[in-house]
Amino acid sequence: MAEGQALLSLRDLHKAFDTQEAISGISLDVYEGEFLTLLGPSGCGKTTTLRVIAGLEAPTKGVVLLNGEDITRLPPEKRQVNTVFQNYALFPHMNVEKNIAYGLRMRGASRQEMREATEKMLALVQLEGYGKRQPGQLSGGQRQRVAIARSLVLSPRILLLDEPLGALDLQLRRQMQQELKRMQQSLGITFIYITHDQEEALGMSDRIALMREGRFVQIGSPQALYEQPETAFAASFIGETNLLRGRAAAVRDDGALIEVGGISLPVDSQLWISPGDAMCVSLRAERLYMSPVPVKEPCQLSGTLAESRYAGGERVCMVHLPDGQVLKSRHPTEGEAPLSVGDQVYLWWHQPSAVLVRDDLAQEAL
Amino acid sequence: MKNRVHRREALALPMAAYAALFVGLSLLYIIGLSLLSRGEGFGASLPATGENYARILSPIYLRSLWLSLRLAGLTALFCLLIGYPFAYFMVKAPPRARTWLLLLVIVPFWTNALIRIYGWKILFSASGPINQLVMALGLAQRPLKLLYTDFAVLVGMVYAMIPFMVLPVYSAAERLDWSVVEAARDLGASPIKAFFTVVVPMTMPGILAGLVLTFIPSIGLFFLSDLLGGSNTMLWGNLVHNELLKSRDLPFAAALSVVLLALTGLVILLYRKKGGSAETMVF
């Protein structure tokens, strides 16, 4: 997309603490009204990225543009960007009302303005009547709402959320996920959201930027990341997948034959590869089918059923391949064939389900 | 279960006995003494009287009380103005430097207070380093009178009391959740505004403890004004000291002490009312 269109642009950002680089050369464009998630394991640099955007951390190198304007050296109080902190960071010595009105007070708003805006915000986060409470008297979920209200009252161009639901229990988290998404859509405010929970990322985001060791691995829609991961890390971090290690045997324009344990599997691919390259094939557990007899499909592997666990609606199976690799598969339990551990089974899949990915996990796998 | 509670309480017994004996009894003794008449020589005798307290209401003693309270108030104030930034700086300093700064505050404790005050006497004297510097720079023709002034007493007091401000403020600031300060900046507060709207209120327990810990001992300190002050500053502590050792009026000295004690109690009561706790005074 064109340069001027992005609301926020990060250009080759680096941030080093002492000699350790927390982020090493990231670039990203975020668009108006977008819900963008920074996803990655802990320590991958997501929080540092967010803090650089907020102005709480100065990058060692690189530029931050907001609406095309360079804000790299602007202090946090001068940025139209607000943050919801991981631990909420509410002011413990102020009641809910004062917490929410704090930003307006700093802007020199009148009492009347502050009262009206606070009321509106309390209604938005469904905490009417809680204005006089102290933060210490609130539950985690309520504190979370106050933190969000406190930031939203300033109508920021971008709201930064640093694992805002991390401290909540599962049920409350689900509920807050929906509420946050609803709020984001109705207010039309751009959200940059941090999480290490891939399910949360898939369910809420317009786009996900997957991070690892201070770099972006892949940026795209949840569907693109799930269906078309580009690397083994992306495939395994989002959803559950099997990574089969093999070598490219033959390369065509729109795909390749990958040799896994002596068997050539056809795979669609747009990657630049040459015969002999070590590659990975990502096979989602729920996209595999199991049969007691060979099927007429080019994409199949046979092995021994080593484990079979009934889990209600689905069955989780482990199949050992002759070359020692293990495939995990999930199948609906409805009308399943009776198979027992030790049986010879055939796993097959539709060719587009297999995704060829670069093996960026090789060092760790050893 | 019940047994365990009893055992835990039993552990406090020696301390309680000590306090009852050496604090409780002695206080009762002083209060009792203050209600007696002056006796033969260095003693006290019946009949019981409120005369000693009535005497305190005379202008010279009230003036002394006012001077003492003013000096204690100024001492606490200057301790805050100097000690707070120091403690804040200490918390912000890297851990290694922090240790050294902390030592800087604590080491003087290990030196005899009198020796340190004599140090000030030398510094302030007509031919002392301060005056030498002032004259060398041509800021004054003749040595400034520094020693034996109220100013010297105040400097000495602040110097003696400042650790009691630095330490509680330091421990409050050290526990401060800095992400809250970042939140304030994020919400539009300049560093100075964030300091006054967030850092100061959140370290208020340390400030209050520091004020109480510097104010209370300052009312009663007498040797500082003896050594550094002029002869005309008669502080409450000096008064007690004089009545006891020079006039040898035991009951009146006791009454003066009871007033001091009551003032102290009042300050602590105020402190508790403000939400302060004994724990914040301990570091």
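In this predicted model, 15 residues of chain B are in contact with 18 residues of chain A. Two elements of chain B, helix 9 (178-186) and helix 10 (191-202), each give two or more residues to the side that touches chain A. Helix 9 of chain B supplies the largest share, 6 residues. By class, the side of chain B that touches chain A has 7 nonpolar, 3 polar and 5 charged residues.

Now look within chain B. Two packed helices are described by the angle between their axes and the distance between the axes. Helix 2 (residues 13-34) of chain B packs against helix 14 (residues 250-273) of chain B at an angle of about 120°. Their axes are 7 Å apart. Angles from 65 to 115 degrees would count as roughly perpendicular, and those over 145 as roughly antiparallel. Helix 2 and helix 14 of chain B are therefore oblique to each other. The crossing is left-handed.

Which residues of helix 2 of chain B meet helix 14 of chain B? They are Ile30(B), Ile31(B), Leu33(B) and Ser34(B). Across from them, helix 14 of chain B brings Leu250(B), Pro251(B), Ala254(B), Ala255(B), Ser257(B) and Val258(B). This contact has 8 nonpolar and 2 polar residues, with no charged ones.

Turn next to chain A. Its domain assignment gives domain 1 (3-227) and domain 2 (232-365). Taken over C-alpha atoms, the centres of these domains of chain A are separated by 38 Å. At their contact, 8 residues of domain 1 of chain A face 5 residues of domain 2 of chain A. On the domain 1 side, helix 6 (198-204), strand 9 (207-212), strand 10 (215-220) and helix 7 (222-227) of chain A each supply at least two residues. That side divides into 5 nonpolar, 2 polar and 1 charged.

Methods:
Residues numbered from 1 in each chain as written. Chains lettered and ligands numbered in written order. Predicted model: local features only at pLDDT ≥ 70, side-chain atom pairs only at ≥ 80, totals over all residues. Contact = placed C-beta atoms within 7 Å. Helix = DSSP H or I, 4+ residues; strand = E, 2+ residues; numbered from the N terminus. Nonpolar A, V, L, I, M, F, W, Y, C, P; charged D, E, K, R; others polar. Axes fitted to C-alpha atoms, helices over the stretch in contact; angles between N-to-C directions. Parallel < 35°, antiparallel > 145°, perpendicular 65-115°, else oblique. Left-handed = near helix turned anticlockwise from the far one by under 90°. Domains from an automatic or database assignment.
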